[in-house]
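Where do the charged side chains of a protein sit, and which of them pair with one another? The paragraphs that follow take up these points for the structure shown here.

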Amino acid sequence: MKIGAILPQLEIGADPAVVRHWAETVESAGYNHILAYDHVLGASPEHRPGWTGYTDKSLFHEVFVLFGYLAAITSTVELVTGVLVLPQRQTALVAKQAAEVDVLSGGRLRLGVGIGWNQVEYQALGVRFAQRGERLTEQVDVLRKLWAEPVISYDGAFHQIEETGLNPLPGRRIPIWFGGSAEAVLRRTGEIGDGWLPQNAPDDEAREQLECVRAYAAAAGRDPAEIGFEARLSLGRVPEQDWASYAEGWRSLGATHLGINTMGMGLKSPGDHAAVLRDVLPLLQAD
């Protein structure tokens with residue numbers, strides 16, 4: 001099971017030197033990948049009673065710009081979106097940005113995608129909130145075709161492309177993983193996904209969901225063993241004495257990856273986040 005570090009972007013700030021130090025620390029510590037969340041806009045709660053999501057005070061680095069920066073200052077870690085809210089973005093532009101990050105990083109991008117939940121953000125970006133699941137499925141097809149061929153044409157429900165293409169091409173099939181736990185996500189992962197990003201604990205529900213993904217894969221004529229699973233361990237939500245057993249629980253379920261989240265621990269500085277990640281990794285690795 002490969003272990004990665006989740007960028008503590010709600011708590012890391014905007015100083016590029018700090019981001020660099022954090023990334024260099026986790027790479028030198030031996031982490032396999034760096035995962036970053038995605039949001040473009042945060043809603044002001046001032047006139048939204050009961051708002052519980054991210055707000056305008058929540059700091060999010062834009063993932064593709066961030067990964068362009070990280071591609072230049074790291075050399076081995078995989079760069080993972082976890083997850084990019086794909087339906088609220090233009091597909092061809094995502095294809096271009098992802099291909100560029102993959103080229104400049106030497107093939108280190110893994111694209112985790114999802115439909116999102118923030119209707120306010122969709123509205124501000126000029127994209128309809130409805131049908132976002134159907135749009136995402138078609139987007140994945142378009143992305144893969146744009147990455148694979150110099151010139152494509154496409155006539156779909158949401159995309160009309162006529163004899164056009166990307167340059168440079170990534171030169172490989174960039175992995176696309178799906179985030180979420182709805183039945184539609186499990187089906188989509190099994191049928192067309194390269195991997196799945198669950199957010200559960202390693203419990204009976206997670207086991208059932210994993211079995212669903214594998215069953216959908218088998219029904220689609222795919223080898224379920226080829227689908228990856230990346231779980232998440234939020235250190236601030238799991239008692240310290242249970243961290244190792246939590247990781248082992250996912251390992252026993254067949255998880256291929258585990259992301260470590262240090263947000264919400266009450267840490268005082270980005271350097272503290274990096275230090276915790278450095279120190280905890282040996283505790284989570286299998287003997």
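In this predicted model, Asp204 has its place in helix H8, which covers residues 204-219. With a relative accessible area of 56%, Asp204 is exposed, because a residue counts as exposed when its relative accessible area is over 50%. Asp204 also belongs to a patch of negative charge on the surface, in which it gathers with Asp203, Glu205, Glu208 and Glu211. The residues that make up such a patch have no salt bridge, so for charged side chains that do pair one has to look elsewhere in the chain.

The structure holds 13 salt bridges, and Arg110 takes part in a salt bridge with Glu78, where the closest N and O atoms are 3.1 Å apart. Are the two partners buried or exposed? Arg110 is buried, its relative accessible area being 2%, and Glu78 likewise counts as buried, at 18% relative accessibility, because the cut-off for buried residues is under 20%.

Arg110 forms a salt bridge with Glu230 as well, and here the closest N and O atoms lie 2.9 Å apart. Glu230 is in strand E9 (residues 228-234) while Arg110 lies in strand E4, so the pair ties together parts of the chain that are 120 residues apart in sequence. Glu230, too, is buried, with a relative accessible area of 2%.

Finally, some charged residues are joined in a network. Which residues does a network of salt bridges link? Asp38, Glu62 and Arg89 are connected in this way.

Terms used
Residues numbered from 1 in each chain as written. Predicted model: local features only at pLDDT ≥ 70, side-chain atom pairs only at ≥ 80, totals over all residues. Heavy atoms only, no water. Patch = residues over 30% accessible without salt bridge, like charges linked within 9 Å, V, L, I, M, F, W, Y side chains within 5 Å. Areas by Shrake-Rupley, 256 points an atom, 1.4 Å probe, with all protein chains shown as cover. Salt bridge = Lys/Arg side-chain N within 4 Å of Asp/Glu carboxyl O. Lys, Arg positive; Asp, Glu negative; His and termini not counted. Charge placed at Lys NZ, Arg CZ, Asp CG, Glu CD. Helix = DSSP H or I, 4+ residues; strand = E, 2+ residues; numbered from the N terminus. Buried < 20%, exposed > 50% of the residue type's maximum accessible area, 1.4 Å probe, protein only.
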